[in-house]
Amino acid sequence: ALHREAGRPSGAAPSFEGLRLAHLILDMGFGGAERLAQNLAIAMGKCGARCHVLCLDAVSGNTEPLTRHGIPVELLKRRPVPFDPVVCLRLVRRLKALGIGLLHAHDLASLAYAVAAGRALGIPVVMTEHSRHYIEERVLRRLEKRLLCLGVGRLVTIGTRVRRAGE
């Protein structure tokens, strides 16, 4: 199944030794998606992963915890167009330079770039769907999500309600 609901892990923490992971997000503001991306990067870093946070639009909010844990936060600076091929190329080059082995998108816009870059480099892509506000009432958004998810290895939702909203 493509969908998996996020849950609390049980037992010993897994080892992510040697994994190079990039979290792709619009901005590191103060919302729930940003907090989850930050917490995942820090937790996985403590388990051996080498994490990077790549922002498409801005780096705002509190990035100090990431910096304190040695997790770089970089801005790719997307132009205000539906899809910016220049930033996509910049993302591909950056992922290649960092040796990223797994790409984690945290919103639908980031997913479009993640799928394109993941396909170009052969990197698996996962997405966490944090909310349903942008897809629940809009048929075009649901179609966009379904098409983009063809390039996703795993879609993680934060709960049953979010998962059902996109079906």
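Reader: Before we start, what kind of model is it, and what pLDDT do local features need?
Author: It's a predicted model, where local features need pLDDT of at least 70, side-chain atom pairs count only at pLDDT 80 or more, and totals for chains, interfaces and linings use all residues. Residues are numbered from 1 along each chain as its sequence is written, and side-chain values use heavy atoms, with hydrogens and water left out.

Reader: OK, how many helices and strands does the chain have?
Author: Six helices and seven strands. Both are DSSP runs numbered from the N terminus: helices are H or I with at least four residues, strands are E with at least two. From the N terminus on, the order is β-β-α-β-α-β-α-β-α-β-α-β-α.

Reader: Which way do β2 and β3 run, and how many bridges join them?
Author: They run parallel, with seven bridges between β2 (residues 20–27) and β3 (residues 50–58). Two strands pair if DSSP finds at least two bridges between them. As an example, H23 has V53 as its bridge partner in β3. The chain gets from β2 to β3 through helix α1 (residues 32–46), and this β-α-β crossover is right-handed. That label applies if, with the strands pointing away from the viewer, the path from the first strand over the helix to the second runs clockwise.

Reader: What about β5, how many bridges does β2 make there?
Author: Four, and β2 runs parallel to β5 (residues 102–105). L21 shows both pairings: this residue stands opposite C51 in β3 and opposite L102 in β5.

Reader: And β3 to β4, how many bridges?
Author: Three, again for strands that run parallel, with β4 at residues 73–75. C55 stands opposite L75 in β4.

Reader: Switching to M28. Where is it, and is it buried or exposed?
Author: M28 lies in the loop between β2 and α1. M28 is buried, with a relative accessible area of 1%; the cut-offs are under 20% for buried, over 50% for exposed and partly exposed in between, using a 1.4 Å probe and protein chains only.

Reader: What does M28 touch?
Author: Leaving out residues up to four places away in sequence, M28 touches E34, Q38, V53, C55, A58, S60, G61, N62, T63, L66 and V73. A contact means heavy atoms within 4.5 Å.

Reader: How many aromatic pairs turn up in the whole structure?
Author: One. F83 and Y113 are stacked, at 4.5 Å centre to centre with 10° between the planes. Rings of Phe, Tyr and Trp (its six-membered ring) pair if their centres lie within 6.5 Å; planes under 30 degrees apart count as stacked, over 60 as edge-to-face and the rest as tilted.

Reader: Which parts does that pair tie together?
Author: F83 lies in the loop between β4 and α3 and Y113 in helix α4 (residues 108–121), so the pair ties together parts that are 30 residues apart in sequence. F83 is partly exposed at 36% relative accessible area, whereas Y113 is buried at 1%.

Reader: What does D84 touch?
Author: K77, R78, R79 and Y113, again without residues up to four places away in sequence. D84 lies in the loop between β4 and α3 (85–98), and with a relative accessible area of 1% D84 is buried. K77 is found in the loop between β4 and α3 too, and K77 has a positive phi of about 60° although it is not a glycine.

Reader: Last one: what share of the chain counts as buried?
Author: 45% of the 167 residues. The accessible surface is about 9000 Å², with 55% of that belonging to carbon and sulfur atoms; areas come from the Shrake-Rupley method with a 1.4 Å probe, and for residues only the protein chains shown count as cover. Among contacts between residues at least 6 apart in sequence, 65% join residues at least 24 apart.
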